[in-house]
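Here is a short briefing on pockets, ligand surroundings and a few local features. Please look over the sequence and structure first.

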Amino acid sequence: MTKSLLERIPQHIRQVVPYQPGKPVEEVERELGIRAIKLASNENPLGPSPLAVEAAQKALVEANRYPDGGSFYLREKIAVRHGIGMEAVFVGLGSSEVIDLAARVLLGPGLEAVTSEGSYPPYAISTCAVGAKLVTAPLKDYAYDLDALAKVVTPETRIVFLANPNNPTGTYFRADALDKFLRHVSSQTLVVLDEAYFDFVEDSQYSRSIALAKQSENILVLRTFSKVYGLAGLRVGYGIGPAGLLVEMDKLRTAFNTASIGQAAALAAMDDTEHVRRSVEMNRAGRKQIEQGLAAMGVRYVPSAANFVFVETESSGATVGAELLKQGVIARPMGWMGFPHAIRISVGLEEENRRFLEAFERVHRPKAAAPRN
Ligand SMILES: *Cc1c(COP(=O)(O)O)cnc(C)c1O
């Protein structure tokens, strides 16, 4: 009758649905024996800034030393950039770690986190990991429905996770909509504004998040070096929020969370505004190329503010994803995020986008398609 060790793992951990990463190019090339392009993880197709690469190489020769666990210089630079004090900046092993630490500090059994359905899966994983309950409201036209979310916030809600723009749909809400939402949320609930795709949004009304974080006790803004800066492989992200909360999070992080190489690269990347500008410009053109190509084929997609496009598929997204894979294009089927008939395609280089569109045109037509006129 005694339980095994594995059976003693708490139910709330065994119930966690694992994160499903995009397939690495090497894996597809190894398994299918073809050259592949990866448009599955919203990475920067231009690569990292050359300044970041140089700084990382320099840091590499001192890899025998532990990094500065407190990321002093990076936090200082981020603080100056945003006009805030260093105590309001937390540097993490990707913004994923910041999400996880916020959950560990604020959530637990009997407590709740709120987010939208069809949003970034790590919110659910970090919430479930600490035995808290995730409460969701549906998307509306593929966008966050802030009114519906406000209605499911209760006194037990300790965190609201808002991805803006949302991954995987690419939609966003404006600063005035957030202001209205915040009027319904007590200051005892942390609102996490995950702005991983901040730099790609081209709307002057989009976000006043840093100003909000400065004047509030319950706003945590997340940014990352994984997207526009092209440093996803080095795992650096950060949060800007209430100093008292960050102190508690700091106690729980591993003593050396970010690597010295990542810190050095991120510091240098922040100086390369030209690389950021080029990345945003290339994304704008590539996103247009993909959206126009899909529209020309009569395919439904969600207009995107980010560096990826959410595409509706006739057959299942898993089938379309597998067919694209055979043609050497790695896209991301969206079934596991709650959309069985969709894929997400990241904006790549011009020829990569073209290759995706050509491959998609071959696979997307249902067998008995009605003739188009
Ligand atoms: C990509 C992404 C992140 C960034 O994660 P990192 O851990 O910083 O690489 C955060 N939030 C959302 C919604 C994302 O899509």
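**Second largest pocket**

The lining of the second largest pocket holds 15 nonpolar, eight polar and one charged residues. Ala, Val, Leu, Ile, Met, Phe, Trp, Tyr, Cys and Pro count as nonpolar, Asp, Glu, Lys and Arg as charged, and the others, Gly among them, as polar. This is a predicted model: local features need pLDDT of at least 70, side-chain atom pairs count only at pLDDT 80 or more, and totals for chains, interfaces and linings use all residues. Residues are numbered from 1 along each chain as its sequence is written, and side-chain values use heavy atoms, with hydrogens and water left out.

- The volume of the second largest pocket is about 420 Å³.
- Its lining has 24 residues, and the closest to its centre are Val17, Pro121, Ala124, Leu134 and Trp336.
- Strand S3 (112-116), H6 and strand S4 (133-137) each give two or more residues to this lining.
- H6 provides the largest share, four residues.
- Helices (H or I, at least four residues) and strands (E, at least two) are DSSP runs, numbered from the N terminus.
- A pocket is an open set of points on a 1 Å grid over the protein atoms alone, with protein on both sides within 12 Å along at least five of seven lines.
- A cavity is a set of such grid points where a 1.4 Å probe fits but cannot get out, and lining residues have an atom within 4 Å of a point.
- Grid points are joined across faces, edges and corners, and a volume is the space filled by probe spheres set on the points.

**Largest pocket**

- The largest pocket contains about 630 Å³ of space.
- It is lined by 32 residues, of which Ser41, Ser226, Lys227, Ala232 and Arg235 are the closest to its centre.
- By class, this lining has 13 nonpolar, twelve polar and seven charged residues.
- Helix H5 (94-106) and helix H6 (122-129) supply at least two lining residues each.

**Ligand surroundings**

- The residues around the ligand (a heavy atom within 4 Å) are Gly94, Ser95, Ser96, Tyr120, Asn167, Asp194, Ala196, Tyr197, Thr224, Ser226, Lys227 and Arg235.
- A polar backbone atom of serine 95 is 2.7 Å from an oxygen atom of the ligand.
- For serine 96, a polar side-chain atom lies 2.4 Å from a ligand oxygen atom.
- An N or O atom in the side chain of threonine 224 is 2.6 Å from an oxygen atom of the ligand.
- Arginine 235 sits in the loop between strand S7 (219-224) and strand S8 (237-240).
- Its phi is positive, about 60°, although arginine 235 is not a glycine.
- Arginine 235 counts as partly exposed because its relative accessibility is 30%.
- Buried means under 20% relative accessible area, exposed over 50%, and partly exposed in between (1.4 Å probe, protein chains only).

**Largest cavity**

- The count is one cavity of 30 Å³ or more.
- The largest cavity holds about 60 Å³ of space.
- Its lining consists of Glu43, Asn44, Pro45, Phe200, Ser279, Met282, Asn283, Asn307, Val347 and Gly348.
- That lining divides into four nonpolar, five polar and one charged residues.

- Histidine 275 belongs to helix H12 (residues 273-296).
- Histidine 275 is buried, because its relative accessible area is 5%.
- Beyond neighbours within four places in sequence, histidine 275 is in contact (heavy atoms within 4.5 Å) with Asn44, Leu46, Gly47, Pro48, Ser49, Pro50, Val228 and Tyr229.
- A polar atom of the histidine 275 side chain lies 3.5 Å from the backbone nitrogen of serine 49.
- Phenylalanine 339 is in the loop between strand S12 (332-333) and strand S13 (342-346).
- Its relative accessibility is 13%, so phenylalanine 339 counts as buried.
- Not counting residues up to four places away in sequence, phenylalanine 339 touches Gly118, Leu139, Tyr142, Pro168, Thr169, Phe310 and Met334.

**Backbone features**

- The peptide bond from asparagine 164 to proline 165 is cis, with omega near 0°.
- A cis bond also runs from asparagine 167 to proline 168, with omega near 20°.
- Proline 165 is in the loop between strand S5 (157-163) and helix H8 (175-182), and proline 168 is found in the loop between S5 and H8.
- Aspartate 141, in the loop between S4 and helix H7 (146-152), has a positive phi near 50°.
- Aspartate 141 is exposed, because its relative accessible area is 69%.

Key. A polar contact is a pair of N or O atoms within 3.5 Å; within protein, one must be able to donate a hydrogen and the other to accept it, and residues adjacent in sequence count only if both atoms are side-chain atoms.
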